[in-house]
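Here's a quick briefing on the charged side-chain pairs in this one. Have a look at the structure first, then read on.

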Amino acid sequence: MRFKVAAHRILAEKVETTTHKSEFYVPETTDKKFLEGCIVDSSPEAVEAGYSSGDRIFMAKMAGLQFKYEGKEYIMLHLNEVLAKMVD
């Protein structure tokens, strides 16, 4: 089964927050306040805003709708719930 997101939405798979290539490190105390995800699918409006599949994003811990599907954790977000996008 595939997902197709509605207008102004992003579907992201939750990923563990770790040190990245740029040596970005999230302390344990901060880690509990936001989540990191990898975009699986995005609406045309999200693509226009610069988000596409494979992008790594940060979102607030309580943002969006969180659910499990086939053993993986996903988050459905509105565009304005994305805090930041990682860029190289």
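**Salt bridges at a glance**

Arg 56 and Glu 36 pair up through their side chains in a salt bridge, with N to O at 2.8 Å. That pair links distant parts of the chain, since Arg 56 sits in strand 3 (residues 56–60) and Glu 36 in strand 2 (residues 34–42), 20 residues apart. Keep in mind that this is a predicted model. Searching the whole structure turns up 3 salt bridges.

**Arg 56 and Glu 36: accessibility**

- Arg 56 counts as partly exposed, at 28% relative accessibility.
- Glu 36, on the other hand, is buried, with a relative accessible area of 1%.

**Lys 14 and Glu 73**

- Lys 14 makes a salt bridge with Glu 73, and their closest N and O atoms are 2.8 Å apart.
- Lys 14 belongs to strand 1 (residues 9–15) and Glu 73 to strand 5 (residues 72–78), so this pair ties together parts 59 residues apart in sequence.
- Lys 14 comes out as partly exposed at 24% relative accessibility, and Glu 73 is partly exposed at 36%.

**Lys 85 and Asp 55**

- Here the salt bridge runs between Lys 85 and Asp 55, with the closest N and O atoms 3.5 Å apart.
- Lys 85 is in strand 6 (residues 82–85), while Asp 55 is in the loop between helix 2 (44–48) and strand 3, so the pair ties together parts that are 30 residues apart in sequence.
- Lys 85 is partly exposed, with a relative accessible area of 34%.
- Asp 55 has a relative accessible area of 15% and is buried, because the cut-off for buried is under 20%.

How values were computed. Residues numbered from 1 in each chain as written. Predicted model: local features only at pLDDT ≥ 70, side-chain atom pairs only at ≥ 80, totals over all residues. Heavy atoms only, no water. Salt bridge = Lys/Arg side-chain N within 4 Å of Asp/Glu carboxyl O. Helix = DSSP H or I, 4+ residues; strand = E, 2+ residues; numbered from the N terminus. Buried < 20%, exposed > 50% of the residue type's maximum accessible area, 1.4 Å probe, protein only.
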